[in-house]
Amino acid sequence: MAMTNVEMTNDKISAAIIQEDLRTRILGRRVVYYERIGSTNDAARQLADAGKPDGTLVIADEQSAGRGRLGRAWIAPARSSLLMSLVLRLDLRPAQASRVTMAVTLGACDAIRAETGLPAQIKWPNDLLVRGKKCAGILAESGIVGEKLEYVIVGIGVNVNFAVASVADIPPDATSIADELGRSFPRAQLAQAILRAIEVYYLRLCAGQNLRDEYKHRLATLDQFVQAQTAQQIVEGIAVDVDENGALVLQRANGSIVQLLAGDVTLSHRDSEGTLGNS
Ligand code: BT5
C-alpha cells in the first residue's frame with residue numbers, strides 16, 4: 001500500500017496520557033516517558049536495578065539504539081511506534097523466564113486483535129505477525145542474582161503509524177498497523193490496551209497458571225513444516241507443540257522430537273521432489 005505520511009497530527013504520548021483511565025492494577029502504575037532514549041530496555045533495567053517496583057513502564061517516542069535479540073537493531077522512525085519496556089518481578093526460576101515472554105506476547109497479540117480487528121498471530125518465540133508480516137517484536141532480558149530471577153525486562157516494539165516500505169533497513173517481510181488498516185491508529189489507546197491485556201496473563205502467571213494452550217492457539221506456525229535456526233544448528237520439522245516454558249517442539253522427518261528454547265523460525269515447504277525450501 002502506498003502511504004507516504006501516516007503520522008497523525010495529534011498522536012502524543014506522555015506518562016499522563018498513558019495513565020489516564022488505564023485501569024490496571026500493576027502494569028503502568030508507574031510510567032517513565034522519554035522523548036528520545038538509547039533503548040527502553042536499558043532504561044528499564046536501570047530502574048529495576050534501582051529497586052523500582054513490579055509493573056514499572058518505560059515508554060519512548062524514539063530510540064537511538066533500539067535492539068532486538070542477538071544484538072540486532074530495532075528500527076522505528078520518531079513518534080511512529082510503540083517502544084516500551086516493563087519491569088516485571090515475579091516468583092519464577094531463571095529457567096522459567098520465557099513464561100514471561102509468553103504472557104507479554106499473548107497480551108500484545110490479543111490487544112492488537114481486539115483494538116484494530118487485524119488478525120494478529122504469534123510467530124515463535126517473540127514476533128507478532130499480521131497476514132504473515134512482522135508488525136511487532138518482543139525482547140525479554142532477565143535480571144538474575146545468584147540462583148534467583150530478580151526481574152525480567154520485557155521490551156515491546158509495535159510498528160504503528162508509518163509506512164514500513166518507506167523506511168530503509170526494515171526488512172520487506174515487515175508491516176505496520178497503519179499499513180494493514182489503511183489509516184493511522186492512536187498509539188496511546190493501543191498502548192493502554194496492550195498493558196491491560198498483558199496484565200490478565202501476567203496475573204495468571206503470578207498465580208501459578210500456565211499459558212501454554214493460549215500461546216499455542218495463536219501460533220502462526222503450529223502444524224506447519226518449519227525451519228528453525230538456533231545458535232548451534234538448523235533444525236527442520238513440523239511444529240507440533242509448545243511446552244510450558246514456551247519451547248517449540250518439532251517433529252523431524254525421522255520421527256524424532258526436538259525441543260527448542262530459542263531460535264528463529266522460517267516457514268518451509270516441501271517442493272515436488274520432497275526437498276526443503278523456504279517460503
Ligand atoms: C525483536 O528481535 O523482534 C525484538 C524487538 C524488540 C524491540 C523493542 S522496542 C522497545 C524495547 N527497547 C529495545 O531496545 N528493544 C525493545 P528479533 O527477533 O531479533 O528481530 C530483530 C530483526 O527484526 C532485525 O534484525 C530486523 O531484521 C527486523 N526489524 C528491525 N526493525 C523492525 C521493525 N520496525 N519491524 C519489523 N522488523 C524489524
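Colleague: How many residue pairs are in polar contact between domain 1 and domain 2?

Modeller: First, the term. A polar contact is a pair of N or O atoms within 3.5 Å; within protein, one must be able to donate a hydrogen and the other to accept it, and residues adjacent in sequence count only if both atoms are side-chain atoms. Between domain 1 and domain 2 the count is 8 residue pairs, both partners at pLDDT 80 or more. Helix 3 (98-116) and helix 6 (212-217) each give two or more residues to the side of domain 1 that touches domain 2. Helices (H or I, at least four residues) and strands (E, at least two) are DSSP runs, numbered from the N terminus. That side of domain 1 has 5 nonpolar, 3 polar and 6 charged residues. Ala, Val, Leu, Ile, Met, Phe, Trp, Tyr, Cys and Pro count as nonpolar; Asp, Glu, Lys and Arg as charged; the others, Gly among them, as polar.

Colleague: What do the pLDDT limits and residue numbers refer to?

Modeller: This is a predicted model: local features need pLDDT of at least 70, side-chain atom pairs count only at pLDDT 80 or more, and totals for chains, interfaces and linings use all residues. Residues are numbered from 1 along each chain as its sequence is written, and side-chain values use heavy atoms, leaving out hydrogens and water.

Colleague: Where do the two domains lie in the chain?

Modeller: Domain 1 covers 5-217 and domain 2 covers 225-278. These bounds come from an automatic or database domain assignment. The domain centres, taken over C-alpha atoms, are 26 Å apart.

Colleague: How much area do domain 1 and domain 2 bury between them?

Modeller: Interface size is often given as the accessible area lost when the parts come together. Buried area here uses a 1.4 Å probe and is summed over both parts. Domain 1 and domain 2 bury about 1,200 Å², with 46% of it on carbon and sulfur atoms. On the domain 1 side, W124, R212 and K216 lose the most area, together 51% of what that side buries.

Colleague: How many salt bridges cross that interface?

Modeller: A salt bridge is a side-chain nitrogen of Lys or Arg within 4 Å of a carboxyl oxygen of Asp or Glu. The interface has 3, and the whole structure has 14. K216 pairs with D241 at 3.1 Å, N to O. R67 pairs with D42, with the closest N and O atoms 2.2 Å apart. R67 sits in the loop between strand 2 (57-60) and strand 3 (81-88), and D42 in helix 2, 25 residues apart.

Colleague: Which residues are closest to the ligand?

Modeller: A residue is near a molecule if one of its heavy atoms lies within 4 Å of it. Here 28 residues surround the ligand, and the closest are S39, R67, R72, I75 and K134. A backbone N or O atom of R69 is 2.9 Å from a ligand oxygen. A polar backbone atom of I75 is 2.8 Å from a ligand nitrogen. A polar side-chain atom of N159 is 2.9 Å from a ligand nitrogen.

Colleague: Which residues does a cis peptide bond join, and which residue has a positive phi although it is not a glycine?

Modeller: Most residues other than glycine have a negative phi, and most peptide bonds are trans. A cis bond joins W124 and P125, with omega about 0 degrees. P125 lies in the loop between strand 4 (120-123) and strand 5 (127-130). R23 has a positive phi of about 60 degrees. R23 is in the loop between helix 1 (15-19) and strand 1 (31-34).

Note on methods. Buried area is the accessible area (1.4 Å probe) that two parts lose on being put together, summed over both.
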